[in-house]
Amino acid sequence: MNDARNGRNDPRFQTIDSVREYMGRDLARTHGFTRSEAATTIDPALVTAQHEELMREGFIVVEDVVPPEALERLRAEAQPHLGHVGRNSFEGERTQRIYGLPEKLRAADPFIEHPLVLAHLDRLLRPNYLLSQAQVINIMSGSPAQPLHIDDGFYPFPRPRPPLSVATVFAIDDFTEDNGATVAIPRSHRWGDDRLPAAEDQRVKAVMPAGSCILFLGTLWHGGGENHSGASRLALTAQYCEPFLRKQENYFVSVSRRTAATLSEDMQRLLGYSIHPPFMGMSNGMHPKRALKGDQATPRRDASPASR
Ligand SMILES: O=C(O)CCC(=O)C(=O)O
C-alpha cells in the first residue's frame, strides 16, 4: 500500500487530535455531539465568572435557581417514595434516599437538566456527558455527618487530575447551620491521593435558602452534614460524568424505554441515548436514540455504525 492509501499523508491522521476529530466528525455524522439548547440561554459572562470560582475553590453556591413551584412539585412527588433509611453510614442510617429518579419523579427533570448546570458541564466535561446518578436525599434529624468523600474516586486514575465527574446538590428545604447542609473542604479538589481530610482543614457548610444549589467538582472532598435541628433536610443531587465512563446508576435498567421516549432531548442524552463519537454507546451498530424511535431493527450495511 502506498503512503496515500495507508493514510500516512492524509492530514486527518497526522496527530491524535486530528484522528479524534476525524472519528468524531466524519464517522459520527448523523448523531455526533448534541448540546443543550437551553444552556445557550445562560449569560456566558455569568458562567465564566462562576467557572473561575469553581476551578479555584472546587465548588460554587448559586442561590435561587429553582422557583418555589418546582420545589413544591418535587416535594409532593417525592413524599410517597420516602420510606426506607440507608443501609450503612455512607447512605446514612437516618437518611432516606430515592434512586431511579428519571423513572419515578418527573418533577426531578428540571433539576437534572437545569440550564445553568448544563452550561457549566459544557465547560467541564466532554460533549455528550452523562448523568451518573441522581437521588433525592432526606437527612433526618439525629443523623450524624456522612463520611467525607470525593465523588469520582472510584475511577482508578491518580490525583491530582481534572475531575471526571461533577455534582450538584439542590436545597429543597433551606440548608441551615444545623440541619445537614452539605459540608465541603475548599480547594481540596487539588489534593493528591496521599492527602486525606484532617481536623485542621477548613470546612464550609453550604448554608443556602431552598431553591439554591451547590455545584462541585468530582475531586472535591465533601459530604452530607450532621442534622441536629429537629427537622428533616430534603435535597436533590445529580452527578454527571465524562461520556466514556461507566455511570454509577444503570439507567438502561432503571428507566424503561417507554419512559425514556417521552423525555426531553437533554434528558435522553444524559441517560445514555447518545454516543461518545464515533461509536461508544452504540446499540446494534446504530445510534442508541434510534431504539427510542423503534427503527433499530434493520441496520444499513453500508454505513459506519454511529453514522446510521
Ligand atoms: O446530602 C448531601 O448534602 C451530600 C450527599 C453526598 O455527597 C452523597 O451522598 O454522595
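How far does a polar side-chain atom of His-222 lie from an oxygen atom of the ligand? I looked this up and found 3.0 Å.

**Basis.** I noted that the model is predicted, that local features need pLDDT of at least 70 and side-chain atom pairs pLDDT 80 or more, and that totals for chains, interfaces and linings use all residues. Residues are numbered from 1 along each chain as its sequence is written, and side-chain values use heavy atoms, without hydrogens and water.

**Ligand.** I then turned to two other side chains. An N or O atom of Thr-182 is 2.6 Å from an oxygen atom of the ligand, and for Arg-233 the corresponding value is 2.8 Å. Taken alone, the ligand exposes 290 Å², of which the protein buries 95% (accessible areas by the Shrake-Rupley method with a 1.4 Å probe). I listed the surrounding residues (a heavy atom within 4 Å); among them are Phe-90, Ile-137, His-149 and Asp-151. This shell divides into 2 nonpolar, 5 polar and 3 charged residues, with Gly counted as polar.

**Cavities.** I next recorded 2 cavities of 30 Å³ or more. A cavity is a set of points on a 1 Å grid over the protein atoms alone, where a 1.4 Å probe fits but cannot get out; lining residues have an atom within 4 Å of a point. The largest cavity has a volume of about 40 Å³, and its lining includes Val-62, His-114 and Phe-170.

Key. A polar contact is a pair of N or O atoms within 3.5 Å; within protein, one must be able to donate a hydrogen and the other to accept it, and residues adjacent in sequence count only if both atoms are side-chain atoms. On a 1 Å grid over the protein atoms alone, a cavity is a set of points where a 1.4 Å probe fits but cannot get out, and a pocket is an open set with protein on both sides within 12 Å along at least five of seven lines; lining residues have an atom within 4 Å of a point. Grid points are joined across faces, edges and corners, and a volume is the space filled by probe spheres set on the points.
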